[in-house]
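I opened this notebook to keep track of what I looked up, entry by entry.

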Amino acid sequence: MKILHTSDWHLGKSLDGISRLNEQNIFLDEILNILEREKIDLILISGDIFDSPLPSAKAENMLYRYLKRYSDGGKRPIIIISGNHDSSEKLEALNSLSMDLGIIFIGNINTVIPEGRYGELNVVKSGRGFLNVELNEEKAVIITVPYLNDKSVFSNIEGEIEEISLQRNYSKDIGNLLNNLCLNFQDDSINIVVAHLFLQSGEPCDSERELLGGALLVNTEDLPSSPQYYALGHLHKAQNFKHKYSKLSYSGAPIKYSKSERNNKNSVNIVEVKKGIEAEVKREYLSNPKPIEIWTAYSPIEAIEICEKNKNRNCYVYFEIHCENFLERDLISNLKKIKKDIVEIKPCFNIEEMTIEETEDLNTKTMDEIFFDFYSYKTNRVPSKDLMDMFNEIMKEGELDEAN
């Protein structure tokens, strides 16, 4: 069986307010070309298909349009699990419409997919957390583990609902769950796990670092070795792990979603697997239509020169400007006029050496200018337009209250 494994599409996600829909269209077209060229039998999507539980209409329309093309009228089935950014209920609500197309959404560990035909895919047996399927004269058992937080409700092997305190030992509980689910594996079938989780040894990017301080990490040693392949989602950097007789792989996000991801090589996985044999995994790399870059200048004049020189380059920019004093708003405005898609301008100065006396006389500045400088002083960042608009609105309300 030839499988395409992908994850973390984050449809609808922006880059600090800048829409990425055009780039998302590009990678979705690339995936379609790969599906047809590689003659893929089955698609596995390991969560975070949307960036929000309440995605925009444009993001939803994009998903439905491409999934319909990907499935090819049910000839190329698709199995999708939910991630921590998805709404499990919203995804599963689509199952009533997607069955004929061979598209299955699994939002919860306790979801039971009805047996029957889903396009060319025949679900011959199912239960909480697993599917026994037949496709193109091949049999497969697919364990499905959507994102599980510390309050998730698990099912034990007998099918009874059991609540487990995951904060006690999340990793061992996940391992026990998977060991129980893997009892459904068969000697004459392809045996695969699809899961949205954070391996303790995985390398995260900025968007996942907030989870590092919690307990929701999984040690590979707690995982069963019986699966031939783990199709993992959650981490945006593509990476592989060897675990006894299993291959664990994050396909990674298909585009770069933060400046910490700017050096990632975005990809999807092509997985060829036969019963009883370790899966063969090949990375299929995607294009980088609009890179994310960090530019550095050591004076306002140099910053303008850099922008003029590179204004026609198609890239997102995080600009770091070393300076002795606060950046003037006119400079920031001019830089953004010269070079489109500047995401952030960050003044870099030694705050410890600065004193209030070194700034301009406050009596010569308006309140929004004072706030602008104070915010920059405290955070070493330039306030966004939305924040400045909010501040000015608050000031206007205060002036009205005083007048009354």
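This is a predicted model: local features need pLDDT of at least 70, side-chain atom pairs count only at pLDDT 80 or more; totals for chains, interfaces and linings use all residues.

Entry on the largest core. I looked up the largest nonpolar core and found that it has 33 residues, with L4, W9, L11, F27, L67 and Y70 as those that make the most contacts inside it. The elements that each give two or more residues to this core are α1 (21-38), α2 (57-71) and the strands β4 (42-46), β5 (78-81), β6 (103-106) and β17 (267-272). The largest share, 7 residues, comes from α1. I then followed F27 and, leaving aside residues up to four places away in sequence, I found that F27 touches W9, L11, P254, I255, Y257 and L286.

Entry on a second core. I also found a second, separate core of 28 residues, which includes I143, V145, L177 and Y230.

Entry on the largest pocket. Which residues lie nearest the centre of the largest pocket? I found K336, V382, P383, S384 and K385 there, among 24 lining residues, and I noted a volume of about 640 Å³. At least two lining residues come from each of α7 (329-338), β21 (342-348), α8 (367-379) and α9 (385-403), and α9 supplies the largest share, with 6 residues. By class, I recorded 11 nonpolar, 4 polar and 9 charged residues in this lining.

Entry on the cavity. I found 1 cavity of 30 Å³ or more, and the space in the largest cavity is about 40 Å³. Its lining consists of R20, E23, I255, K256, N266, S287, N288, P289 and K290, which I sorted into 2 nonpolar, 3 polar and 4 charged residues.

How values were computed
Residues are numbered from 1 along each chain as its sequence is written. Side-chain values use heavy atoms; hydrogens and water are left out. On a 1 Å grid over the protein atoms alone, a cavity is a set of points where a 1.4 Å probe fits but cannot get out, and a pocket is an open set with protein on both sides within 12 Å along at least five of seven lines; lining residues have an atom within 4 Å of a point. Grid points are joined across faces, edges and corners, and a volume is the space filled by probe spheres set on the points. Ala, Val, Leu, Ile, Met, Phe, Trp, Tyr, Cys and Pro count as nonpolar, Asp, Glu, Lys and Arg as charged, and the others, Gly among them, as polar. Helices (H or I, at least four residues) and strands (E, at least two) are DSSP runs, numbered from the N terminus. A nonpolar core is a set of buried Ala, Val, Leu, Ile, Met, Phe, Trp, Tyr and Cys residues joined through side-chain atoms within 4.5 Å. Buried means under 20% relative accessible area, exposed over 50%, partly exposed in between (1.4 Å probe, protein chains only). Contact means heavy atoms within 4.5 Å.
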